[in-house]
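Q: Could you walk me through this structure? I am new to it.
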Amino acid sequence: MSECGSYTLLKKSSQCRARLGRLYTARGNIDTPVFMPVGTQGTVKGVATEYLKESGAQIILANSYHLYLRPGTEIIKRAGGIQEFNSWRKPMLTDSGGFQIFSLNEIRKIKEDGAQFQSHIDGSRHFFTPEKSMQVQKDIGADIIMCFDECAPYPASYEYAKNSMELSLKWAAKCKDEFYKDDARLKQALFGIIQGSVYDDLRKISAQKMTEMDFTGYAIGGVSVGEPREDKERVIEVVEPLLPENKARYLMGVGMPEDLWEGVQRGIDMFDCVIPTRNGRNGQVFTSLGKLNIRNAEFRQDFTPLDPQCACPACKGYTKAYLNHLVRAQESLYLSLLSLHNIYFMINLMEKIRKALENDSFFEAKEEFFRKYYNRKS
RNA sequence: GGGGGUGUGGCAGAGUGGUCUAAUGCACCAGACUGUAAAUCUGGCGGGCUUGCCCUUCGGUGGUUCAAAUCCAUCCGCCCCCA
């Protein structure tokens, strides 16, 4: 029997660093490259679990910091784990709370041992340490869990980035010790997170030290925090060759359709992003012919589907004109339909990419995708 | 018939002599969103261009004044009360 989170490399592209693979978990195998929708509070915002399953999503995220605050880990534990609690019953991954050091920077303090947060819900104080994050993530019970790290902001000075990266290394070692204390690793996999901002030498050091610690998989964190696209792509190019071939590589918090192609091309296996759901709630829709904002006046009388190539409930059942009406009328149905559509889009995109890798035609597929995606006439 | 009130930008609604192209909200037109403090946020919203100015706006018309959305006259519309 395979170790949870173990990765099987099935095929390498002859054209680039892209790879086709399979990730094992006790709740099912995951075909990679994969896009993972984000469900911070144990729910992918606006999308009922049964619809999410129909989208073809293989694995979803949740956030340990948010679930720890509410409803609390005790309740999730009693429910039988997060996958039972939300009735997804398929692979899940939890983030450690490290991203909240970045996103909640106004109400937290970083210390040597961890980070003190002031709850955004009621103002109460909570100290998150690597050990605490491991305990919380064990209680939540996701199949893949992440080291507690500091996601540094952009821009960060070299000095800041270096200290931050070194702190994340120290915390990673503590996470590992805590995680392997019991037999949790039979059910869960722990991934390490590489930091170092946009500084190549820091990224290399982080990658070397992290791989020396020997985690089940590796993530590249601290990207898509405002840095130029070239920086993000260069960071992957610097880090990826240093990662072992027989383990999964996860680019955290990414991304846009462009990012998925560029990431896969550079050897990334896993992505997660709030974009499909958040942008969906804000009216932005991804289609094979490009992005559009369904709220815009041009769609008021457009009685065609969002994307004729899409099989999602929004495209099968409704027109742009109707969705435009739902958004303008603030009818809550649009939250669900647009979020779901965007998830379908990302999932389909990754399926397209995997198929291209099977045929070893990555660049042909990429070119075809963007020819249509950037040629939308409005 | 008598008395009182009121008319402001697409709508609602401030402003009652200069600092008014006129607050604010809504509507409208766009844009942003990347390990979710986000069904959120930002910008625009009379016209013109040389982007700093010019022209045109507060029911209509006429007046007072150096100056009027603001004061006066008159006309038109709407609302309320009493008969």
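A: One may begin with His-66, a polar side-chain atom of which lies 3.3 Å from a sugar or linking oxygen of RNA strand B. A polar contact here is a pair of N or O atoms within 3.5 Å; within protein, one must be able to donate a hydrogen and the other to accept it, and residues adjacent in sequence count only if both atoms are side-chain atoms. This is a predicted model, in which local features need pLDDT of at least 70 and side-chain atom pairs pLDDT 80 or more, while totals for chains, interfaces and linings use all residues. Residues are numbered from 1 along each chain as written, chains are lettered from A and ligands numbered from 1 in written order, and side-chain values use heavy atoms, without hydrogens and water.

Q: How many residues surround RNA strand B?
A: There are 43, and the closest are Ser-103, Cys-151, Gly-253, Val-274 and Thr-277.

Q: New topic: where do Lys-138 and Asp-182 meet?
A: Their side chains meet in a salt bridge, 3.0 Å from N to O; the term denotes a side-chain nitrogen of Lys or Arg within 4 Å of a carboxyl oxygen of Asp or Glu. Lys-138 lies in helix α6 and Asp-182 in the loop between α7 and β11, so the pair ties together parts that are 44 residues apart in sequence.

Q: Is Lys-138 buried or exposed?
A: Lys-138 is buried, with a relative accessible area of 19%, whereas Asp-182 is partly exposed at 38%. Buried means under 20% relative accessible area, exposed over 50%, and partly exposed in between (1.4 Å probe, protein chains only).

Q: And what about Arg-266 and Glu-233?
A: Their side chains form a salt bridge of 3.6 Å, N to O. Arg-266 is in the loop between α10 and β14 and Glu-233 in helix α9, 33 residues apart. Both are buried.

Conventions
A residue is near a molecule or strand if one of its heavy atoms lies within 4 Å of it. Helices (H or I, at least four residues) and strands (E, at least two) are DSSP runs, numbered from the N terminus.
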